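Thanks for coming. I will go through one chain today, residue by residue in places, and then step back to the overall fold. Please look at the model first.

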Amino acid sequence: MNQVPALFSLNRVVSKGGVLSALQQDAFFPMEIRRSYWIYDTEENAARGHHVHLNSARVMVCLKGSVEVLLENTYGRVERFDLENPARALFVPELHWINLSFAKDSILLVFASCLLEDDAMLKSYQEFKSYRVPE
């Protein structure tokens, strides 16, 4: 799969009672959603991630606070994304090393393209750097 990370805007419906944003799987959505999870009650500068998903993609939305996302692809290209707006989502394709740094009490909602039991990962950065995509 030769996809690249990308930020995209979610729809926003503003009313006097607040703002509603939604993420909808449709023809323009970059992946099928098979699982969702969220990370919360984070400490200041909490570091998470430090792994690569070999066969699944992610969409991340920071619902509260902020999360710095560093992604590195198999060619060594590193990209940084700051998630701090719940109306913006980040698409993370498979085969990108993920490092996350959370602000205190942030909430990150994640949608994954595969079930947990089917998710192939590497947790060693050295293994990731030497990983070759099977042909």
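I start with Met-31, which counts as buried at 9% relative accessibility. Buried here means under 20% relative accessible area, exposed means over 50%, and partly exposed is in between, with a 1.4 Å probe and protein chains only. Before going on, a note on the source: this is a predicted model, where local features need pLDDT of at least 70, side-chain atom pairs count only at pLDDT 80 or more, and totals for chains, interfaces and linings use all residues. Residues are numbered from 1 along each chain as its sequence is written, and side-chain values use heavy atoms, with hydrogens and water left out.

Back to Met-31. Where does Met-31 lie? Met-31 sits in the loop between β3 (18–22) and β4 (35–39). Strands and helices are DSSP runs numbered from the N terminus, with E and at least two residues for strands, and H or I and at least four residues for helices. Leaving aside neighbours within four places in sequence, Met-31 is in contact with Gln-25, Ala-57, Arg-58, Val-59, Phe-91, Phe-111, Ala-112 and Ser-113. Contact means heavy atoms within 4.5 Å. Take Ala-112 from that list: Met-31 and Ala-112 are 81 residues apart in sequence, and their C-alpha atoms are 8.4 Å apart in space.

Next, Tyr-37, in strand β4. Tyr-37 is partly exposed, at 25% relative accessibility. With neighbours up to four places away left out, Tyr-37 is in contact with Arg-58, Leu-108, Leu-109, Val-110 and Ala-112.

Met-60 brings us to the core. A nonpolar core is a set of buried Ala, Val, Leu, Ile, Met, Phe, Trp, Tyr and Cys residues joined through side-chain atoms within 4.5 Å. The largest one has 16 residues, and Met-60, Val-69, Leu-100 and Leu-108 touch the most other members. Which strands supply at least two residues each of this core? They are β6 (58–64), β7 (67–73), β8 (78–83), β9 (88–92), β10 (96–102) and β11 (107–112). There is also a second, separate core of 10 residues, and its members include Leu-10, Phe-29, Met-31 and Leu-109. As background, nonpolar side chains tend to be buried together in soluble globular proteins.

Met-60 itself, not counting residues up to four places away in sequence, touches Val-69, Leu-83, Arg-88, Ala-89, Leu-90, Val-92, Ile-98, Leu-100, Leu-108, Leu-109 and Val-110.

Ala-89 is on that list, and is found in strand β9. Is Ala-89 buried or exposed? Ala-89 is buried, with a relative accessible area of 0%. Beyond four places in sequence, the contacts of Ala-89 are Ala-6, Leu-7, Phe-8, Leu-10, Val-59, Met-60 and Val-61. Ala-89 and Cys-62 are 27 residues apart in sequence and 7.7 Å apart in space, C-alpha to C-alpha.

Leu-95, in the loop between β9 and β10, has a positive phi of about 65 degrees although it is not a glycine. Leu-95 is buried, with 10% relative accessible area. Asp-105 lies in the loop between β10 and β11 and has a positive phi of about 60 degrees, again without being a glycine. Asp-105 is partly exposed, at 33%.

Tyr-131 is in the segment after α1 (125–130) and touches Leu-54, Leu-95 and Leu-122, not counting residues up to four places away. Tyr-131 is partly exposed, with a relative accessible area of 21%.

Finally, the whole chain. How many helices and strands are there? The chain has 1 helix and 12 strands, and along the sequence the pattern is β-β-β-β-β-β-β-β-β-β-β-β-α. Buried residues make up 39% of the 135 residues. Of the contacts with a separation of 6 or more, 79% are between residues 24 or more positions apart. Along its principal axes the C-alpha trace spans about 55 × 35 × 30 Å.
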